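The sequence and structure come first.

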Amino acid sequence: MHDTYPRFLEEELDEITPEEALFHVIPVPLEQTVSYGGGTGKGPSAILRASSQLELYDGVSNPSEHGIWTAPPVETEGPLSDVVGRIKGVVERSFALGKLPVLLGGEHTVTVGALEACRAAFGEIGIVQIDAHADLRDTYEGTPYSHACVMRRACDMGHTVFQAGIRSLSLPEVAFRKSHPVHYLDARDIAKHGIPEQMLPDGFPERIWLTIDVDGLDASVMPATGTPEPGGITWYQCHEIIEKAVSGRRVAGFDVVELAPVKGLHFPDFTAARLVYDTMGFVSRSAIKESL
Ligand SMILES: [Mn+2]
């Protein structure tokens, strides 16, 4: 069966043009470097289908008032350098319209295209990552475009990284964090001490990209992902991290990646759709608005 790509919240919202929408939802069904469990290629389609079950009210506001447009899926066949270039191009088109791209992965590599677009449009910015894994490897299984290398590429581009929820690191990644501008709030520290009032360090860039790997959440909340780790953050800790990351900052865009749907288990798909919509809510309420 072919994956279908309905619009985000298709059953609730009338179709609008890219110019009318703040949020540009961009499905990127990339699955090429997966190293453990597969299925991330089906993530974007599952999120879009599950989004039809969302309520427009997110508990605080109606994020859809700002307009949500859904792009056709990005072509993800072919060499990864080409795929990353296509993602960069799509994100740049959203930036050119003054809009906020929302990428649906797909494996975490999709973020590399977005971060290249950020660099071209805005220069060096801050990257806030929610994840179980540091993703700071230089190469993994022979490619620099592996999902395990995404934040290393961000550092190569000169972006400043803040990572939250991490609980899986290689020894070279531990060393890299000490010698580069990588800030972190690991899952172990969140479990012990919670999330500090001032979460991002002094001097962290005002403009950010938010990248949410769903495996940052605990597996009891999010079992549908390829490389699970025990001891993840809760749903409301995830909310708190997102809110503290975007409050008073300029949000270039965000992505939600690494959902690997499990046949017959639909709650994780809905959880991912809700995460996308709730993040739109935090961004539309708390971020500095440039393009509303
Ligand atoms: Mn991860």
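At 31% relative accessibility, Phe-122 counts as partly exposed (buried is under 20% relative accessible area, exposed over 50%, partly exposed in between, with a 1.4 Å probe and protein chains only). Phe-95 is buried, at a relative accessible area of 12%.

The model is predicted: local features need pLDDT of at least 70 and side-chain atom pairs 80 or more, while totals for chains, interfaces and linings use all residues. Residues are numbered from 1 along each chain as its sequence is written, and side-chain values use heavy atoms, leaving out hydrogens and water.

## Aromatic pairs

The structure holds 2 aromatic pairs (rings of Phe, Tyr and Trp, the latter by its six-membered ring, with centres within 6.5 Å; planes under 30 degrees apart are stacked, over 60 edge-to-face, the rest tilted). Phe-8 and Tyr-277 form a tilted pair, 6.3 Å centre to centre with 35° between the planes. Phe-8 lies in the segment before strand S1 (23–28) and Tyr-277 in helix H8, so this pair ties together parts 269 residues apart in sequence. Helices (H or I, at least four residues) and strands (E, at least two) are DSSP runs, numbered from the N terminus. Both Phe-8 and Tyr-277 are buried.

The ring centres of Phe-95 and Phe-122 are 4.9 Å apart and their planes meet at 65°, so the pair is edge-to-face. Phe-95 belongs to helix H2 (residues 80–96) and Phe-122 to helix H3 (residues 110–122), 27 residues apart.

## Charges over rings

The charged end of Arg-177 sits over the ring of Tyr-184, 3.5 Å from its centre (NZ of Lys or CZ of Arg within 6 Å of the ring centre and within 35 degrees of the ring normal). Arg-285 has its charged end over the ring of Phe-282, 5.2 Å from the centre.
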